[in-house]
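Please prepare a briefing on the structure below.

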Amino acid sequence: MGVVHWNYLGHRPRSRWIFTLCIFVVSSWVLFFSPSILVTRSDFLSILPALPPRPLPPPIPAYHRPTFESVGESFVPDPPPVKWEDAKKQVRDAFKFAWDGYLKEAHPFDELRAIHGGGNNKFNGWGVTLYDSLDTMWIMDLKDEFHHALQLISKQEFLPSTAWTFAPFFETVIRYLGGLLSAYALSGEQILLYQADQLGTKLLPAFNGTKSGFPAYSVQMENGKTGPNSIYRMMVFAEATSCQLEYKYLAKLTGRKEYYEKVERVMDIVYETKPKDGLFADKWTSDGREFSNHYTIGASADSGYEYFLKQWLLMGDIKARGQYLISADNIIENLLRVTPERELLYVTSQVKADPTYTFEHLACFLPGLLALGAHTLPISLLPPEKAEYHKWAAEGLAYTCYLTYADSWSGLGPDSVKMNDAGRWMDHVRAWEKNKKLRTIPPGLKERSPLRKTDRNARDYLVTQPTYYLRPEAIESFFILYKTTGNVKWRERGWEIFQAIQKYAKTKHGYGSISNVNLPPHFPLDNMPSFFLAETLKYLYLLFDDTDIIPLDKWVFNTEAHPLPMFEWTPEERERFGIPSEL
Ligand code: DMJ
């Protein structure tokens, strides 16, 4: 019997329809009525009861654009632009304005004083904003600015400035080294790799500053002495571990074994700890033991967890992937909670096993990380039932992050809040599953309207640190959620925040933090952090971008939003660096 090829039917939809219908009728007849067929109708039907009943998944909560109750002059966003291209262009203009302000007023200082002009040194005095902005300029196609910045960078010798004798290891790695490596990967400019190698070498003595091999807090650049009291100082989990992507990619580019070895030693210490619930203390002793009983995914631990997943994504590290799975499950189980009235899903920290009910803006990177994990991990490791929890957690947490912005007078988000509490999220999820409310929305995922009432009972939380520091985490998560779900609501929320930034944080020279998001902002603070250009504006731009400039299946963002390209170790590299085949 010849095979009828689809193309032989021509391109007319009608012929295809008739053909499909015939096939359906004939095969139904064969299956149900033909006595000679091997699988009889009753055989066929008898298979059916063996299949487990498949409950319908809960519906994705419908998206209704919120209406904003205006209190006095409070912020009410404009509707989204007709074309997202326009939003993208506005973000590019905002970046250009901030960059020009920095260059004119502040360079060679680290960061711009957004109100008074001039600059200040917070991170070595080598002009950190320059390094943090490089890849954003490339991505935004600001090539003249990029090449000008390259000239400035090529002269840098990474020596101590008068104001700054010790280079803080973590900040120097994520901002300077990450910025150089990402700009190199995007542009191929050799000077960037040369400078990354110089800087990477100068920072290496940090790993000799502790008994364990954890990097010391800081390094003196001209002689490799490690920072004040580094032997006795407590190590911060995120600071000690968030150097993996940068140094391993540098090892790949330069072939230098010590880059790989030094940072992998840090991972060995972390893995050897094997905490039974997958959560790591936020402070460690310099000889590599957990010290505090504070467990958080906010400040001092955040990127430690982020880099487990991202080491796997960047270079296929299976051990790090295993740790991510253990830790993410335990974060979901133990640190995710809901509030009683608005049923807001949030992530808290705990002291021993006691929740603090604190929800930090810094923790708003978590929904993006969970969404990225659920989107990329193989089904064999994260089966659909479990992946669903990760995706729900991502959606619910990102919405709460958004609400902390939308609830506020200025439309900008506070740095920290204290939540009212109704217990662990997973307990609510299990109770909801038992009641078989499977066609209703899972706990913590109902999208409540923004509330412009500042009292704790109405909002279900109290603002404890009301400053918006121009931080990126909420927008970072909206970007990943938009990319992994395609739901335009994440773009719309990013657009609202961008408008609030334009309205309240813009200054004569650039942008400044808002000291109290719940009060009419009289004036912003006099500082423009470099991460505003590295992260906040970059993620906004990518959120509105339709061309997929940095596809998530090819690039991995370091914790300062510097994208690095995914790679594989060659057999020779594995042998030289001592990378086991299972890593
Ligand atoms: C950034 O410098 C980095 O993202 C870091 O990991 C923590 N957060 C700040 C910005 O908020």
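Predicted model: local features only at pLDDT ≥ 70, side-chain atom pairs only at ≥ 80, totals over all residues.

Residues are numbered from 1 along each chain as its sequence is written, and side-chain values use heavy atoms, with hydrogens and water left out.

**Whole chain**

- The protein chain contains 20 helices and 16 strands; helices (H or I, at least four residues) and strands (E, at least two) are DSSP runs numbered from the N terminus.
- The chain has 583 residues, and 56% of them count as buried. Buried means under 20% relative accessible area, exposed over 50%, and partly exposed in between, with a 1.4 Å probe and protein chains only.
- Of the contacts in the protein chain with a separation of 6 or more, 73% are between residues 24 or more positions apart. A contact means heavy atoms within 4.5 Å.
- The accessible surface of the protein chain is about 25,100 Å², and carbon and sulfur atoms hold 57% of that surface. Accessible areas come from the Shrake-Rupley method with a 1.4 Å probe, and for residues only the protein chains shown count as cover.

**Ligand site**

- The residues around the ligand are Arg175, Leu362, Arg471, Pro472, Glu473, Phe531, Glu535, Thr559 and Glu560. A residue is near a molecule or strand if one of its heavy atoms lies within 4 Å of it.
- The ligand takes the space of the second largest pocket. A pocket is an open set of points on a 1 Å grid over the protein atoms alone, where a 1.4 Å probe fits, with protein on both sides within 12 Å along at least five of seven lines. A molecule sits in a pocket if more than half of its atoms lie within 2 Å of its grid points.

**Buried helix residues**

- Gln311 belongs to helix H11 (residues 302-315) and counts as buried because its relative accessibility is 0%.
- Leaving out residues up to four places away in sequence, Gln311 touches Gln244, Leu245, Lys248, Met267, Gly316, Asp317 and Ala320.
- Ile501 is part of helix H18 (residues 489-505) and counts as buried because its relative accessibility is 0%.
- Leu412 is 89 residues from Ile501 in sequence, while their C-alpha atoms are 7.3 Å apart. Leu412 is among the residues that Ile501 touches, as are Tyr468, Phe532 and Thr536.

- Asp526 is in the loop between H18 and helix H19 (530-544) and counts as buried because its relative accessibility is 19%.
- The Asp526 side chain reaches two backbone nitrogens: that of Ala114 at 3.0 Å and that of Ile115 at 2.6 Å. The residues touching Asp526 also include Leu112, Arg113 and His116.
- Arg289 lies in the loop between strand E6 (283-284) and E7. Its side chain makes a polar contact of 3.1 Å with the side chain of Asp287.
- Arg289 and Val270 are 19 residues apart along the chain, with 8.9 Å between their C-alpha atoms.

**Backbone geometry**

- Most residues other than glycine have a negative phi, and most peptide bonds are trans.
- The peptide bond from His107 to Pro108 is cis, with omega near 15°. Pro108 sits in the loop between helix H3 (84-106) and strand E1 (111-112).
- Phe158 has a positive phi, near 55°. Phe158 is in the loop between helix H5 (143-154) and strand E3 (166-168), and is buried, with a relative accessible area of 0%.
- Ser300 also has a positive phi, near 80°. Ser300 lies in the loop between strand E7 (294-295) and H11, and counts as buried at 18% relative accessibility.

Methods
1 Å grid on protein atoms, 1.4 Å probe; cavity = no way out; pocket = protein on both sides within 12 Å on 5 of 7 lines; lining within 4 Å. Polar contact = N/O pair within 3.5 Å; in protein donor to acceptor, adjacent residues only side chain to side chain.
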